[in-house]
Amino acid sequence: MARFEHISNTVIEARFVKAVTAFGGGALLSAIALVLVPEGAEVLPVGLAVGLLLGGGVCFALVDAALARAGGSGALVLAMMLDFLPEAMALGALLVTEAATAKLLAAMMFLQNLPEGFAAFREIWTRGKLSATQVMVAFLFLAALGPICAGLGLLLLSDQPETLGAIMMFAAGGILYLIFQDVAPEAHETGAYAPALGAVAGFALGMAGNMVIG
C-alpha cells in the first residue's frame with residue numbers, strides 16, 4: 001500500500017501520510033498504556049519497573065542518536081519492532097494458558113502493525129537510500145522475527161512472568177521515547193487537524209482490542 005499510494009494533490013497526500021503516521025503512533029501508545037506497562041507492573045516491584053522503563057528510554061535515546069549521526073533515522077521501524085516483538089513473546093506464552101486470548105491478541109497485533117508498517121516503510125523508502133524491493137525484503141526478514149519470538153515465549157517464558165514483564169517494561173520505555181522524539185513530530189502539521197485525530201483513532205483501535213481481549 002505504501003509503495004503504490006499516489007495522491008495527485010500534494011497537500012492532501014502529505015496530510016494523509018501524517019495521519020497514517022499519527023495513527024501508528026496512537027496504536028503504539030495504546031500498546032504501552034494497555035498491554036506493555038500493565039503486564040509489566042503486575043508482576044514487577046515498583047523500583048524495578050520504573051528502572052526498566054527509564055532504562056528502555058535511555059537505551060533507545062542512545063540508539064536514536066547513533067542513527068542520527070549515521071545520517072538516517074529508523075525511529076518508526078524501531079518503535080514498530082519494540083511493540084511487535086515483546087507482544088509476540090507474550091502471544092507465545094499465552095498459547096499454553098489462554099489460547100482464546102492469544103488468538104485475539106494475534107488479530108490486534110496484525111491490525112496495529114498495518115499503519116505502523118506503512119509509516120515505517122515510507123520513512124525508509126522516501127530517503128532514497130534503498131529501493132522499494134530492498135525495503136520489502138528487509139521488512140519480510142523483520143517479520144520473520146515474530147514467530148521466533150513467539151516460539152521463545154512458548155518454550156521459555158510461559159512460566160516466567162517476571163522475565164516477560166521486564167522485557168515488556170523495557171520496550172515500553174523505548175517506545176515512549178520514540179513516540180515523542182520522532183513519531184509525533186513527524187506527524188505534526190500546522191493548521192491540520194486530521195493527523196492528531198489519526199492518533200486518537202489509533203489509540204481507540206488498541207483500546208477496543210484490549211477491551212475485547214480483557
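Which residues does L164 touch, not counting residues up to four places away in sequence? Select L164 together with P86, M89, A90, A93 and L157, for these are the residues that L164 touches beyond that limit; a contact means heavy atoms within 4.5 Å.

**Before continuing**

This is a predicted model, in which local features need pLDDT of at least 70 and side-chain atom pairs count only at pLDDT 80 or more, while totals for chains, interfaces and linings use all residues. Residues are numbered from 1 along each chain as its sequence is written, and side-chain values use heavy atoms, with hydrogens and water left out.

**The whole chain**

Display the protein chain as a cartoon. It contains seven helices and zero strands, and its pattern along the sequence reads α-α-α-α-α-α-α. Helices (H or I, at least four residues) and strands (E, at least two) are DSSP runs, numbered from the N terminus. Among contacts between residues at least 6 apart in sequence, 83% join residues at least 24 apart.

Next, show the surface. The accessible surface of the protein chain is about 10800 Å², and 73% of this belongs to carbon and sulfur atoms; accessible areas come from the Shrake-Rupley method with a 1.4 Å probe, and for residues only the protein chains shown count as cover. Of the 214 residues, 43% are buried. Buried means under 20% relative accessible area, exposed over 50%, and partly exposed in between (1.4 Å probe, protein chains only).

**Colour by confidence**

Colour the chain by pLDDT, the predictor's confidence in each residue, from 0 to 100. The mean for the protein chain is 76, and 71% of its residues reach 70 or more. Confidence is highest in helix 2 (residues 46-69), at a mean of 87, and lowest in helix 4 (residues 99-125), at 66. Select residues 1-8 as well: the pLDDT there is below 50, and this stretch has 17 contacts in the model beyond near neighbours in sequence.

**The nonpolar core**

Return to L164. In the largest nonpolar core, which has 18 residues, L164 and I175 touch the most other members. Such a core is a set of buried Ala, Val, Leu, Ile, Met, Phe, Trp, Tyr and Cys residues joined through side-chain atoms within 4.5 Å. Helix 1, helix 3 (75-97), helix 5 and helix 6 (161-187) each supply at least two residues of this core, and helix 3 gives the most, with seven.

**Along helix 6**

Select G174 in helix 6. G174 counts as buried because its relative accessible area is 0%.

Not counting residues up to four places away in sequence, A166 touches L44 and L52.

E39 itself is in helix 1 (residues 10-43). With a relative accessible area of 41%, E39 is partly exposed. Its C-alpha atom is 9.5 Å from that of E162, 123 residues away along the chain.

**A patch on the surface**

Finally, select L95, I148, L152, L154, L155 and L156. These residues form a nonpolar patch on the surface, with about 580 Å² of accessible area together. Helix 5 (residues 132-157) gives the most to this patch, with five residues. Patches are made of residues with over 30% relative accessible area and no salt bridge, where like charges are joined within 9 Å and nonpolar side chains (Val, Leu, Ile, Met, Phe, Trp, Tyr) within 5 Å. A salt bridge is a side-chain nitrogen of Lys or Arg within 4 Å of a carboxyl oxygen of Asp or Glu.

Is L155 buried or exposed? L155, which lies in helix 5, is exposed because its relative accessibility is 69%.
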